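Student: I would like to go through this structure with you step by step. Could we begin once it is in view?

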Amino acid sequence: MFTTIDWENAINIRRSARSFEMRPVEESKLELLQSFADKMEIPFDHDVKIRMFKANMDKKLYTVFASPPDGMAFLANTDTCSVAAVGFVGELLILYATSLGLATCWYGHYALSELERIMPHLGKYAEQPMPKWGYGKGETDGERAVCITPLGYWQKEGVRFFDRVTETFISYKRKPVGALLENGMTEESLPAELLYAFDLARKAPSAANSQHWRFGVSDDFKTITITMPVGYKHMKWEHPNVDLGICACHFWLGLRLKGIDCKVSLSEDQGRAVWKFEV
């Protein structure tokens, strides 16, 4: 299935949608999504689980926009590496959904009580006080819905003014690869295949378009790392490591599209995820 999907096009056209037509996704597409989720070949060990859910068509779940009937949740433990893996695994599925013509939105500030009502998943943890947005901050006990996404069809007429401004002036702008390279490495020195993969990686979405990832490349071009500055914090987004996983997913896809095999490993260093690619 990998070779039948135009991954580059999906990366280029995918945008976060916050206004949806209030109609369900066709059952045939939901079945394709579930089948893809079940068969995804992820190049590292992880504990991420995918769950589809049905939502009420109101603002209770996403709070700032009405929910379409369908959605997906990305469940995992909440240590640094598991949260980063959510970004990688979830983005692969979101890009596949994009290739099916579906609109999505990475969302972490959902109403947990509403998600638990429509998609029970917390078990004994449902008896504990629930935070207002998402599952909370930092590492918690047990498996949680780190992020969710609506699944549906974009309704352009309903886009809020803020989103129109963001789309025009922020969402499409990305730093050049050279601005993200570390240790004096330059775009001009990179092999064409790596530059292509980095170009897809830099297009990854991030909270408020922060683009906090940094690319490290060994002198022999055989080892690449993707991480963020030590101590990086976003002013309102608790999961910059999710964004880092999304970026790593794009980079891995770029390597695959160029026929480059690699070993992928994920580790934690000083509270941040570190993605390592050995080609």
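Student: What percentage of the 279 residues in the chain do buried residues make up?

Tutor: This is a predicted model, in which local features need pLDDT of at least 70 and side-chain atom pairs count only at pLDDT 80 or more, while totals for chains, interfaces and linings use all residues. Residues are numbered from 1 along each chain as its sequence is written, and side-chain values use heavy atoms, with hydrogens and water left out. A residue is buried under 20% relative accessible area, exposed over 50% and partly exposed in between, with a 1.4 Å probe and protein chains only. Of the 279 residues in the chain, the buried share is 51%.

Student: Is tyrosine 232 buried, partly exposed or exposed?

Tutor: Tyrosine 232 sits in the loop between β5 (223-227) and α7 (240-257), where helices (H or I, at least four residues) and strands (E, at least two) are DSSP runs numbered from the N terminus. Because its relative accessibility is 22%, tyrosine 232 counts as partly exposed.

Student: Which residues is tyrosine 232 in contact with, leaving aside its neighbours within four places in sequence?

Tutor: Contact means heavy atoms within 4.5 Å. With the neighbours within four places in sequence set aside, the contacts of tyrosine 232 are Ser210, His212 and Pro240.

Student: How far apart in space are tyrosine 232 and alanine 103, C-alpha to C-alpha?

Tutor: In sequence, tyrosine 232 and alanine 103 are 129 residues apart. In space, their C-alpha to C-alpha distance is 30 Å.
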